[in-house]
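Okay, hi everyone, thanks for coming. I'd like to walk you through one protein chain today, so please have a look at the screen.

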Amino acid sequence: NNKRKIIRKIIRRDVENPVITLNGDSTIIIPINYSYEEDGVLVNDNCDGDLSSKVEIISDVDTTKAGNYKIKYEVEDNSNNKNSVTRDVLVREPLKPNTIYLTFDDGPRDGTTDVILDILKEKDVKATFFVTNNGSDSLIKRIVDEGHSIGIHTASHRYDIIYASVDNYFNDLEQVKNRIYNVTGKSTNLVRFPGGSSNTISKKYSEGIMSTLTKEVINKGYQYYDWNIDSGDASFNNNPTKLYYGVINSLSHDKYNVILMHDVKTYTRDALGSIIDYAKSNGYNFEALTSNTMPLRQKVNN
Ligand code: ZN
């Protein structure tokens, strides 16, 4: 009956970090003075289970000032394993009523964009140009030097290329981004999709691509802008008189007026002066879109 007993101690250590999942989008855009509602996060730990109540939230969001803010969510489990995720909150100035945002796509083009810039200068109006790889670099430089906003349309503007794949789209987009940077030294994050974000032509080349691209551009730090007034200068209003009446009859004092135009069209060039004169004598203001402006987005259909 002689006995001996020895003990081996086993320590089970938790070496895995807790897993954090954001509720809601990783990038949220809100207008100035709009209250930000925190959607929070879900936390799951392999040993400690639900740690959602132990999350520490560090936020520098100031909803009274346009800017890019971050919210950081940190959590530590009972074995001191840590993890964190961040959410971007972009606070933007709302588009203003009684205000006209002239937007010109597809240029620059020698012979039209230069005259349009002359008219804008003479009438002291700032506009937004969504450019391609067309036209002279000197026009790109003038757009920026004369205080207008510049954004990216795409290099090729070929639906069959840009909407065939996500990689194609961004390769094409970056060509124009680089062009603007090389010519002006300025980087832009403003984007307009050829055909707008609501276009259905893209379906022909890739099913669902607009749903992906509209999210991806935001994840990459771009902002895209559609319009709420189509001047018709790429379709039905194809002479200066029709275009003039088409635009002035669409204006509203009660809402913002983001007008789609094309600076590559001669009749847009020829109608612009009288459109601006009408708007000014009727009390409208003009502004350019900037990266502080609340994006204007149509419904995605593909
Ligand atoms: Zn276009």
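First, some ground rules. This is a predicted model, where local features need pLDDT of at least 70 and side-chain atom pairs count only at pLDDT 80 or more, while totals for chains, interfaces and linings use all residues. Residues are numbered from 1 along each chain as its sequence is written, and side-chain values use heavy atoms, with hydrogens and water left out.

Okay, the overall picture. What is the radius of gyration of the chain? The chain has 26 Å, whereas a compact globule of 302 residues would have a value near 19 Å. That radius is taken over C-alpha atoms, and the globule rule is 2.2 Å times the number of residues to the power 0.38.

How much of the chain is buried? Of the 302 residues, 45% count as buried. Buried means under 20% relative accessible area, exposed means over 50%, and partly exposed is in between, using a 1.4 Å probe and protein chains only. And if you take the contacts in the chain with a separation of 6 or more, 73% of them come from residues 24 or more positions apart. Contact here means heavy atoms within 4.5 Å.

Now the metal site. Which residues hold the zinc ion? The protein donors are Asp106 (OD), His153 (NE2) and His157 (NE2), and they lie 2.1 Å from the zinc ion. Donors are N, O and S atoms within 2.8 Å of the metal (3.2 Å for Na, K and Ca), and water is not among the atoms, so sites may look incomplete. Along the sequence, the spacing of the donor residues reads D-x46-H-x3-H. Asp106 sits in the loop between strand E8 (99–105) and helix H1 (113–122), and His153 in the loop between strand E10 (149–152) and helix H3 (159–162), so this pair ties together parts that are 47 residues apart in sequence. Asp106 counts as buried at 16% relative accessibility, and His153 counts as buried at 2%.

Let's step along to Thr113, which is in helix H1. Is Thr113 buried or exposed? Thr113 is buried, with a relative accessible area of 0%. Its side chain joins that of Asp263 in a polar contact of 2.9 Å. A polar contact is a pair of N or O atoms within 3.5 Å; within protein, one must be able to donate a hydrogen and the other to accept it, and residues adjacent in sequence count only if both atoms are side-chain atoms. Leaving aside neighbours within four places in sequence, Thr113 is in contact with Pro108, Phe129, Leu139 and Asp263.

Pro108 brings us to the backbone. Most residues other than glycine have a negative phi, and most peptide bonds are trans. But Gly107 and Pro108 are joined by a cis peptide bond, with omega about 0 degrees, and Pro108 is in the loop between E8 and H1. Then there's Asn80, not a glycine, with a positive phi of about 65 degrees. Asn80 counts as exposed at 55% relative accessibility. Asp124 isn't a glycine either, and has a positive phi of about 55 degrees; Asp124 is exposed too, at 61%.

Last topic: salt bridges. How many are there in the whole structure? A search finds 14, where a salt bridge is a side-chain nitrogen of Lys or Arg within 4 Å of a carboxyl oxygen of Asp or Glu. One of them is between the side chains of Arg192 and Asp105, at 2.9 Å, N to O. Arg192 lies in the loop between strand E11 (190–191) and helix H5 (209–219) and Asp105 in strand E8, so the pair ties together parts 87 residues apart in sequence. Arg192 and Asp105 are both buried.

Asp277 forms another with Lys123, the closest N and O atoms being 3.0 Å apart. Asp277 is partly exposed at 39%, whereas Lys123 is buried at 14%. That's it from me, thanks!

Conventions. Helix = DSSP H or I, 4+ residues; strand = E, 2+ residues; numbered from the N terminus.
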